[in-house]
Amino acid sequence: MDTLLILKLWNYMRGYVNIRIEGLALERFINLCIAKGIYLWDIQRINHTALEGKVSIKGFKELRGIVKKAGCRVSIKRKNGYPFWIHKLKKRKMLLVGAFFCFTLLIFSSTFIFSIEVSGNHQLERGKIIGILNDLGLKPGANRYKINIKDIETQMLLDMEELAWVGIEIKGIKARVEIAEKRLAPDIIDKNTPCNVVASKKGVIEKVIARNGDPKVSEGDIVKEGDILISGIIERDFMETDKYVHSYGEVFAKTYYEGMESKNLIEIKKEKTGKTFKRRMFKFGNLELSINNAEIPYNTYILEKESKKPFQWRNIGLPVEIIIEEYYEAVEIEEKISEPEAEKAIHSKVINQLLKEIPLEAEILDTKINFTTQDDILYGKVIIEVLENIAQQKRLQIGVD
């Protein structure tokens with residue numbers, strides 16, 4: 001917590017008043033206050049005969065003698081701080097009791113989980129994941145301090161073979177569950193089970209090695225996903241009935257991976273001017289209370305946020321946060337990017353994305369990239385030609401039309 005915030009909290013706790021000093025000897029008034037050890041702050045001159053400032057309750061009581069000596073007049077504009085707040089609440093005891101119970105209820109309710117957020121699932125249904133989490137004790141209404149996150153993560157990996165990794169994080173009243181699914185290998189078909197070899201993706205056939213079964217494609221043929229490459233049905237003129245076999249082999253084809261990306265050749269960047277504005281807030285659970293409600297004085301700014309939890313011990317603590325928002329005044333500056341620099345950035349990004357999709361055992365034959373510019377935007381299209389085995393076994397549905 002920074003020094004300025006501590007000072008403001010200290011002044012608020014002991015109480016202070018906004019005062020207006022009027023007279024012809026304002027400098028003498030301030031000098032007498034300094035001599036007597038009375039601290040005035042946020043002093044502003046209104047005109048030649050008037051000042052405004054802030055002083056503690058104790059300091060205000062000691063001003064009486066100084067006012068007479070300096071020949072000035074002091075009036076209270078506003079009372080601030082905890083003592084004045086308490087004085088008002090004494091007249092409204094039921095309001096104080098209600099506030100106490102509300103705060104107690106807020107703290108109590110923040111120890112329970114209200115919602116569960118799941119991310120990272122592509123094949124698995126969210127309902128199935130939520131169901132297993134509920135069975136393991138992570139569900140709406142559960143006490144967050146009675147949940148062993150590590151045990152739940154481990155048990156989920158044991159119960160769900162489809163999962164490669166599970167990460168659980170509890171923030172406030174929300175539990176966030178992030179998962180990573182396994183890349184499941186194709187079904188291994190028993191050697192005694194009749195099957196075809198089909199294309200796993202679109203491509204142009206380069207080489208067919210049929211180790212068992214009848215090849216249905218040859219070099220130069222264009223196939224799409226699911227087309228039969230090696231048939232498990234053996235048909236011969238001299239055979240009375242067809243024979244069903246477990247076909248297998250390798251079928252190499254040219255496949256193509258495409259990726260597109262764009263980059264603006266004129267970027268708008270923000271540059272700080274040096275002026276700053278701070279805003280502080282207390283956060284109790286989901287309730288935010290602003291200390292200073294002043295509007296942001298800048299139209300263009302850069303925001304930097306800092307969050308502190310003062311009542312935290314290890315992983316246990318009250319749901320109280322101090323949020324400091326610092327706004328830096330900024331000006332927008334146009335920055336032009338050269339085409340070679342933009343082309344390099346696009347090429348690198350698209351290539352890295354495509355390499356994640358290309359199997360490790362595949363052979364890269366060629367890479368083509370085409371750039372076009374329109375309205376100060378550079379568009380890049382990358383095509384990678386690959387030689388890979390697209391053979392994939394598929395069970396024969398015998399007797400099914």
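Modeller: Under the rule that a salt bridge is a side-chain nitrogen of Lys or Arg within 4 Å of a carboxyl oxygen of Asp or Glu, the count comes to 20 salt bridges. This is a predicted model, in which local features need pLDDT of at least 70 and side-chain atom pairs count only at pLDDT 80 or more, while totals for chains, interfaces and linings use all residues. Residues are numbered from 1 along each chain as its sequence is written, and side-chain values use heavy atoms, with hydrogens and water left out.

One of these salt bridges joins K54 to D42, with 3.1 Å between the closest N and O atoms. The two residues lie 12 residues apart and link distant parts of the chain, K54 belonging to strand β3 (residues 50-56) and D42 to strand β2 (residues 40-47). Strands here are DSSP runs of E with at least two residues, and helices are runs of H or I with at least four; both are numbered from the N terminus. D42 has a relative accessibility of 48% and counts as partly exposed; buried means under 20% relative accessible area, exposed over 50%, and partly exposed in between, with a 1.4 Å probe and protein chains only.

In one, the side chains of E388 and K201 meet at 3.4 Å, N to O. E388 is buried, its relative accessible area being 6%, while K201, at 24%, is partly exposed.

In the other, the side chains of K381 and E258 meet at 3.8 Å, N to O. K381 is partly exposed, with a relative accessible area of 32%.

Salt bridges may also share partners, and in this way R20, E22, E52, R73 and K77 are joined into one network.
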